[in-house]
Amino acid sequence: MPTLKTYKTEAIVLKHIDLGEADRILTLYTPNQGKLRAVARGVRRMKSRLGGHVEPLINCSLMLSHGRALEVVSQGQTIESFLPIRNDLKLTVQALYLVELTDAFTSERIENYSVYKLLLDSLRLLAKVRNAEILFRYFELQLLGYVGYEPQLYKCLNCKATIEPVQNFFSTSGGGILCPNCAHTEPVVKPISVDALKVVRLLQRGDFITANRLRLSADLSRELERIMQGYIRYLLEREIKSTRFRDRLKREDTEIAADLGKF
Amino acid sequence: MHLKYGSAAEPVSRLIEEFHKLPGIGPKSAARLAYHILRIPESSARSLAEAIIAVKEKIVLCSVCQNLTDNDPCAICQDTDRDHSVICVVEEPLDILAVERTGQFKGLFHVLHGVISPMDGIGPDDLKISELLERMKAGGVEEVILATNPNLEGEATAMYLQRLLSPLGVRVTSLARGLPVGGDLEYADEITLGRAFEGRREV
Ligand SMILES: [Zn+2]
Ligand SMILES: [Zn+2]
């Protein structure tokens with residue numbers, strides 16, 4: 001009988017889909033092999049020892065072996081379960097957004113330790129920070145940098161002039177800033193305010209601590225979201241699906257708040 | 001698709017194709033099933049085909065609980081011995097069978113026909129949630145038991161339903177998230193064990 005080579009790895013479970021009667025295919029993000037897909041057998045049975053360790057959003061330690069098409073999970077142990085996130089609907093949906101972006105911007109078996117670290121740190125932060133919006137922008141800019149889509153924020157994409165502190169333009173098609181004189185040179189541009197550019201630069205440098213101390217106005221926060229969503233949608237050529245439910249929850253919250261205000 | 005089973009006669013390859021569309025059936029199993037059908041007596045094959053047609057023609061969703069039924073409202077919803085003030089919300093019709101087997105629950109059900117799965121783009125509007133809210137509006141419901149699966153999607157769905165139902169003044173409960181019978185404590189994952197502590201009770 002051929003011996004199956006098993007190996008141990010840490011992983012964050014990005015998602016799962018049901019397979020057959022009681023199995024699931026997991027999409028994992030690992031520190032040394034990047035994204036991997038693995039079969040976890042019997043995990044949908046109530047008595048499965050593995051099931052609770054390989055739910056989405058869990059950081060776990062796994063024993064894997066090479067299967068024919070996919071890896072096979074033989075053992076698993078939770079390292080961090082992010083229970084505060086799991087116990088809160090809004091946080092769960094926000095975490096799924098981070099996970100969905102990671103899945104969308106990475107390919108299987110391409111090592112990218114920075115992405116692993118970013119996702120793990122961001123899940124930890126999500127359970128703690130008071131302003132999740134700035135965490136999303138931080139995550140988006142860092143992730144885009146790690147996978148090769150870092151926007152150019154200091155020199156005009158067209159004339160290469162240093163960007164001045166005036167209203168400039170963000171080009172989704174060009175992936176960076178255009179000065180007012182060159183705004184017409186790319187097909188899809190959005191105005192970007194001086195403040196928004198400052199925040200984006202701060203986040204791109206990776207200074208989450210300083211960024212998290214900022215008190216962004218609702219307008220500035222919306223501007224940043226629109227710019228990043230536009231850029232991401234352009235790069236992926238599709239919507240990030242989990243934003244639909246996230247936005248619905250937000251909308252329902254404002255409606256509930258408005259209803260309460262009436263009394 | 002036809003080319004894939006090109007070596008089989010057309011009616012056979014068509015049958016293989018149909019089996020292949022079923023959940024959990026790969027190309028090999030599909031071929032095995034098709035050749036099995038070829039070998040059984042014609043009467044058996046006819047009875048299978050008729051059974052398939054019959055479920056499509058006679059089974060509808062119960063207009064009250066959304067369960068599959070050949071009688072609308074279904075037998076459970078019509079049963080006056082059951083407690084009509086308690087509704088147990090489940091993901092799929094098969095979950096009703098599991099709850100019924102316990103013999104512990106005497107209330108009514110509501111089948112969502114799925115779960116909220118944000119990453120797949122499946123939201124509240126894709127489930128039978130508005131139908132549940134209609135039942136609330138009709139009145140007489142005192143408790144809703146959320147019995148979705150204890151996984152990420154099931155829990156997200158339960159949390160969403162709780163948001164909708166709590167303001168309506170109805171008692172919302174969920175099944176105890178505890179340790180599975182027959183398991184060893186040392187193998188329990190952190191989430192299950194954590195929830196089991198939350199749900200501990202006097203002995
Ligand atoms: Zn320029
Ligand atoms: Zn019914």
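Val86(B) stands opposite Glu143(B) of strand β5(B). The model is predicted, with local features requiring pLDDT of at least 70 and side-chain atom pairs pLDDT 80 or more, whereas totals for chains, interfaces and linings use all residues. Residues are numbered from 1 along each chain as its sequence is written, chains are lettered from A in the order in which they are written, and side-chain values use heavy atoms, without hydrogens and water.

Strand β3 (residues 83–90) and strand β5 (residues 143–146) of chain B run parallel and are joined by four bridges; pairing requires at least two bridges found by DSSP, and strands are DSSP runs of E with at least two residues, helices runs of H or I with at least four. An open sheet of four strands in chain B has the order β4-β3-β5-β6, with parallel pairing. Its edge strands are β4 (107–111) and β6 (171–174) of chain B, each pairing on one side only.

The contact (heavy atoms within 4.5 Å) involves 33 residues from chain A and 25 residues from chain B. The buried area, defined as accessible area (1.4 Å probe) lost on putting two parts together and summed over both, is about 2,800 Å² between chain A and chain B, and carbon and sulfur atoms give 60% of this area. Arg86(A), Leu89(A) and Phe245(A) supply 21% of the area that chain A buries against chain B, more than any other three residues.

Four salt bridges (side-chain nitrogen of Lys or Arg within 4 Å of a carboxyl oxygen of Asp or Glu) are counted between chain A and chain B. Glu252(A) forms a salt bridge with Arg163(B), with the closest N and O atoms 3.2 Å apart.
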